[in-house]
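Good morning. Please have the sequence and the structure open.

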Amino acid sequence: MRVALAGALLLGALGAGPSDTDTDTKTDTAPAEAAAPAFWVDPQSAAARQAAEWRRTGRTEDARLIERIAERPQAVWLHSDGAGAEVRAHVEAAAAAGRTAVLVAYFIPHRDCGAYSSGGAHDDAHYRRWIDDFAAGLGSHGAYVIVEPDAVAHLVAGCPGADAAERYGLLAHAVQRLKRQPHTKVYVDAGNASWIPDERRLVAPLRSAGIAEADGFAVNVSNHQTNEVSSAYAHRLARELGGGKHFVIDTSRNGNGPYRGTQAWCNPPGRALGTPPTATTGDPSLDAYLWIKRPGESDGTCRGGPEAGQWWPEYALGLARRARG
C-alpha cells in the first residue's frame, strides 16, 4: 500500500506541538530540543477516513472531534508478512513531508500469549526473516521503532507457551538489525507501571532482549497510566539499567489516567486522549510523547469492542470528546 504523499504534506504539518492537556508535561525546554523531530501524520488512517465520511454525511461536529485524532501523528503497526514494502511506503511518505515515521514491530512468535492480539511469526527463522525485511524497508530514511509491545513484560508476568530463550534472542536480533539502519531510533517495550510495579524485575529481561544496543525503552504502550506515573517509573527503570538509557511514553489514551474498575486495560470506559505527540518534552531522558496505540482502535472483543486493532468509531469519539485540548 503506497501512501498518498500530497495528503501527508498537508496533514503532516498539523498537531505535532506540545499541549496543555496534561499538567504532567514539563515546560522547561532545553536548547538542544530546538531541532527535535516532528512526527508524520498518516493521511490514510482510519480516523482520517472517518472524519471525511462524517463530513460528507453532515456529522460535522463529530468529524471535528475525530480530527483531534486524524490530524495528529500515530504509530503504524506492522504485524504481518511483507513488512518491508509497507515500511518503505511509510518512511518515504514521511521523508517527503519532512517528518519522521513512528513504527511498531509486532510479529514475535506466540504474540500476546494467545490472547486478543494473538498471532505473529511461526518460528524463530520466520521472525528473523521478517525483521530483516522490516529493517531493509527503512533504507536510509530512519524512523522511531517500538520493538514488540508486551513481549518482555509478558515473559516476566508469565507467558505459558513462549520460549524465553528464543524470545530474548529474537528481540536482541531485532534491536541489532534495526540499529544498523541510519537515523533509526529503537525502543524496546518495557510494559507499564501497573503491570510490573517493581521495575527491578525488568532489568535482566531487558538486558537479555538487547537493551544495551537500543536507544532506550517504551512505557505505557496501549495503557492509561498518567505522564507523571509513567515518567517516574521510566526514570527508576533507567537507573536500574545503569543510567543513560532514554525512553518514550505512550500518551494516546492517558488523558484521564487509568480506569479503576475490572479489566482496566481492555477498552476501559471514560478514557481520553492524552498529550499530543511531540519530541519536545523538557526532560533530557524522555525522547518523546508518542501515540503508539492508535486511538480508536479496539483492544479486543471486550466491552462490546471489535477484534483487536480494528477501528471502533464510537470509542474513538469518546476519547476525542473527553480530551482537554
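Predicted model: local features only at pLDDT ≥ 70, side-chain atom pairs only at ≥ 80, totals over all residues.

**Disulfides, cores and helix packing**

Let me start with a bond: Cys266 and Cys302 form a disulfide, and their sulfur atoms are 1.9 Å apart. The link is left-handed, with -95 degrees about the S-S bond. Cys266 sits in the loop between strand E6 (246-250) and strand E7 (286-290), and Cys302 in the loop between E7 and helix H10 (313-322), so the pair ties together parts that are 36 residues apart in sequence. Both Cys266 and Cys302 are buried.

The chain has 325 residues, of which 57% count as buried. Ten helices and seven strands make up its list of elements.

How many disulfides does a search of the whole structure find? Two. The other one joins Cys113 to Cys159, with an S to S distance of 1.9 Å. Its torsion about the S-S bond is about -130 degrees, so this disulfide is left-handed. Cys113 is in the loop between strand E2 (102-105) and helix H5 (124-138), while Cys159 is in the loop between helix H6 (151-157) and helix H7 (164-179); the pair therefore ties together parts that are 46 residues apart in sequence.

Are these two cysteines buried or exposed? Cys113 has 24% relative accessibility and counts as partly exposed. Cys159 has a relative accessible area of 8%, which makes it buried, because the cut-off for buried is under 20%. Counting bonded cysteines along the chain, the disulfides follow the pattern 1-2, 3-4.

Now the helices. Two packed helices are described by the angle between their axes and the distance between the axes. Take H5 and H7: their axes come within 9 Å and cross at roughly 15 degrees. That angle is under 35 degrees, so H5 is roughly parallel to H7. The crossing of H5 and H7 is right-handed. On the H5 side, the contact includes Tyr127, Ile131, Phe134 and Leu138. On the H7 side, the residues include Leu170, His173, Ala174 and Leu178.

H5 also packs against helix H4 (residues 83-96), at an angle of about 25 degrees and with the axes 7 Å apart. H4 and H5 are therefore roughly parallel to each other. H4 passes H5 in a right-handed crossing. From H4, the contact is made by Ala83, Gly84, Val87, Arg88 and Val91. From H5, the residues include Trp130, Asp133, Phe134 and Leu138.

Phe134 comes back in the next topic, the cores. In soluble globular proteins, nonpolar side chains tend to be buried together. The largest nonpolar core here has 59 residues. Which of them touch the most other members? Leu103, Phe134 and Phe217 do.

Leaving out residues up to four places away in sequence, Phe217 touches Tyr187, Val188, Ala190 and Ile211, among others. Further along the chain, its contacts include Ala234, Leu237, Phe247 and Val248. Apart from this core lies another, of 18 residues, among them Ala47, Ile66, Ile69 and Leu317.

Key:
Residues numbered from 1 in each chain as written. Heavy atoms only, no water. Disulfide = S-S within 2.5 Å. Helix = DSSP H or I, 4+ residues; strand = E, 2+ residues; numbered from the N terminus. Buried < 20%, exposed > 50% of the residue type's maximum accessible area, 1.4 Å probe, protein only. Core = buried A, V, L, I, M, F, W, Y, C linked by side-chain atoms within 4.5 Å. Contact = heavy atoms within 4.5 Å. Axes fitted to C-alpha atoms, helices over the stretch in contact; angles between N-to-C directions. Parallel < 35°, antiparallel > 145°, perpendicular 65-115°, else oblique. Left-handed = near helix turned anticlockwise from the far one by under 90°.
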